Amino acid sequence: MGKETGFLEHDRHDRKYGPVADRLQNYKEFVIPLAADALKDQASRCMNCGVPHCHTGCPVNNMIPDWNHLVYEDDFRNALEVLHSTNNFPEFTGRICPAPCEAACTLNIIDQPVTIKTVECAIVDKGWQEGWITPRPAKGKTGKSVAVVGSGPAGMACAQQLARAGHSVTVFEKNDRVGGLLRYGIPDFKMEKHLINRRAAQMEAEGVVFKTSVEVGVHVSVDSLKENFDAIVLAGGAEEARRLDIPGSELPGVRLAMEFLMQQNKRNAGDDELRAAPRGSLTATGKHVIVIGGGDTGSDCVGTSNRQGAASVTQLEIMPKPPVMEDKALSWPFWPLKLRTSSSHEEGATRDWAVLTKRVVGDNDVKGLECVRVEWKDGKMVEVAGSEFTLQADLILLAMGFTGPRKVGLLDQAAVDLDPRGNIKANTEKYQTSDEAIFACGDMRRGQSLVVWAIREGRQCARSVDEALMGVTELPR
């Protein structure tokens, strides 16, 4: 695959970012694609490994060496076919996936992994530019109908696969636009939303029907879906946010990260303030912002706060600061625990680790946050005596992850079994719940996870639904 000596001739060279001063003025994407020659050089570095661990490092099992080789040969059209054979939406993953495939790359042993994510994004972007990506409607209809609840990456992938198998598919989305977490949880500066619109249009041309502003369990009952569809797929995500249980957390200046991010994404989409922020505008402009939670959602809050003109941004994490470099002998080819600095962090933020929050300071408004440092002894977290400190704060954003899917409405009516973590109980072979007519995939089944895992589960779930309805299936896993 690629050029036999490519990895010896070319060092890793990835996409660059636009200047910080420029990108903070708007919410546009700012990643600069590689030039054609540079992209070919990077694809040539793929090593023809005896065991390409990138295959298993990638949740959708992308055939990475194959399309790297085709890009090296300047055969983008066939590279696109190979890429689409395992991934319905590579323009999404090529922008927001953390690239576990690169962590698994053999060249990562020397910290020079192939720029897999960059090549992937270049392939699909060229496919759209050249007009190669068109609707692929089924050749015939099966007479079976499927309701998909949720239009995030799992629901979209599942719906597209089922429609291409010939089923009549209706996607129910409680929000006013298609996309779920992709639409409202991912800032535009990481992924602009015209990319979702383009895929939704393709899916509609393939026969998928989207019903937005329709919440199953509220506007339409689960029983009515059972009466009108041959199968139901629950792909509503893990939306139950982890709360902050300390004194003062009830103050109005303590808000959930997703509410903050959703409001800005709606503004970017052209919504007026009443529609974007029905509970009142939530902005970081001129405020001292504290983001609690060190993950990707917290990072997105940092980038959005800086674009809104925050006076300062501080991100806190309860876990200790990870090492800058992982121990390759222990971690490779698996996802390593290491310090990760996002583009949003580089735009300006103070980061602090091993911090436990104790009390929100304020009367009617948030004034500060009392904290204490912690350490781990015998596997237990203990407070460090005399380490108490208080941070100035006007706005505290909670980005501490999610505890599972919301139970009120949809799941209460579905009455399917849950696992010990509160997610829908269904295995990864059949994706079938305790109700044989109801299937589940994505974060609603596995818990909070990556977009690429959602796409994988949506595809695999579609295969299981197709097999259950027809007795056989030709859809891939």
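**Cavities, a pocket and the packing around them**

Modeller: With three residues, α5 gives the most to the lining of the largest cavity. This is a predicted model, in which local features need pLDDT of at least 70 and side-chain atom pairs count only at pLDDT 80 or more, while totals for chains, interfaces and linings use all residues. Residues are numbered from 1 along each chain as its sequence is written, and side-chain values use heavy atoms, with hydrogens and water left out.

Colleague: How many cavities of 30 Å³ or more does the structure hold?

Modeller: Rolling a probe the size of a water molecule over the atoms shows where empty space is left. On a 1 Å grid over the protein atoms alone, a cavity is a set of points where a 1.4 Å probe fits but cannot get out; a pocket is an open set with protein on both sides within 12 Å along at least five of seven lines; lining residues have an atom within 4 Å of a point. A volume is the space filled by probe spheres set on the points, which are joined across faces, edges and corners. Here there are three cavities of 30 Å³ or more.

Colleague: Which classes of residue make up the lining of the largest cavity?

Modeller: Ala, Val, Leu, Ile, Met, Phe, Trp, Tyr, Cys and Pro count as nonpolar, Asp, Glu, Lys and Arg as charged, and the others, Gly among them, as polar. The lining of the largest cavity has 13 nonpolar, four polar and no charged residues.

Colleague: Which residues lie nearest the centre of the second largest cavity?

Modeller: They are Cys-58, Asn-62, Cys-97, Cys-101 and Glu-120, out of 16 lining residues. Two or more residues each come from α5, α8 (100–104) and α9, where helices are DSSP runs of H or I with at least four residues, strands are runs of E with at least two, and numbering starts at the N terminus. The largest share, three residues, belongs to α9. The volume of the second largest cavity is about 100 Å³, and its lining has eleven nonpolar, three polar and two charged residues.

Colleague: What volume has the second largest pocket?

Modeller: About 640 Å³. Its lining counts 27 residues, with Arg-136, Gln-161, Arg-164, Leu-475 and Pro-476 nearest the centre. Among the elements giving two or more residues are α10 (153–164) and α12, but the largest share, four residues, comes from α6. By class, this lining has nine nonpolar, nine polar and nine charged residues.

Colleague: Which residues of helix α6 are buried?

Modeller: Buried means under 20% relative accessible area, exposed over 50%, and partly exposed in between (1.4 Å probe, protein chains only). In α6 (residues 76–84), Phe-76, Ala-79, Leu-80, Val-82, Leu-83 and His-84 are buried. Their cover, judged by contact (heavy atoms within 4.5 Å), includes α3 (36–44), α7 (90–96) and α21 (451–470).

Colleague: Where is Asn-306 found?

Modeller: Asn-306 belongs to helix α16 (residues 296–308). Its relative accessible area is 17%, so Asn-306 counts as buried. Leaving aside residues up to four places away in sequence, Asn-306 touches Leu-24, Val-313, Ser-344, Glu-347 and Gly-348.

Colleague: What percentage of the 477 residues of the protein chain count as buried?

Modeller: The figure is 53%.
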